[in-house]
Amino acid sequence: MDNQCPMCRGEGYSIGSLGNLEWFRCRQCGWEFSVAVDHPAVPPAPPNQPESPSVEQLEEWESEGGCEATDGCWVEPDGTCEHGCKSWLLVMGLI
Ligand SMILES: [Zn+2]
Ligand SMILES: [Zn+2]
């Protein structure tokens, strides 16, 4: 944070923000100054789309008589978990 006083180079302390300006008051000389603060655009969180399991993984699950849903729940091979996520076999159109 660039809160150095432009008058005496003392340290400013925040006294509030207005729009994209942060206001500081110098601890040393009392000068009030504002600093533009960039509000970086927060990139939208990537959709929580897990990677598809490998064929080997799917076969392993099948041999265990079930399948993982896309959120990791254990469901019937053609099932849907309590969170509404389908099994990978369903999602991948293998069943
Ligand atoms: Zn100052
Ligand atoms: Zn689930």
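## Antiparallel three-stranded sheet

Three strands form an open sheet, ordered β1-β2-β3, with antiparallel pairing. At its edges lie β1 and β3, each of which pairs on one side only. From one strand to the next, the twist averages 30°; axes are lines fitted to C-alpha atoms, for helices over the stretch in contact, and angles run from 0 to 180 degrees between N-to-C directions.

The model is predicted: local features need pLDDT of at least 70 and side-chain atom pairs count only at pLDDT 80 or more, whereas totals for chains, interfaces and linings use all residues. Residues are numbered from 1 along each chain as its sequence is written, and chains are lettered from A and ligands numbered from 1 in the order in which they are written.

Strands (E, at least two residues) and helices (H or I, at least four residues) are DSSP runs, numbered from the N terminus. Two strands count as paired if DSSP finds at least two bridges between them. The two pairings are set out below.

| Pair | Residues | Bridges |
|---|---|---|
| β1 and β2 | 12-18 and 21-26 | six, antiparallel |
| β2 and β3 | β3: 32-36 | five, antiparallel |

The hairpin formed by β2 and β3 has five residues between the strands. In that turn, G30 has a positive phi of about 80°.
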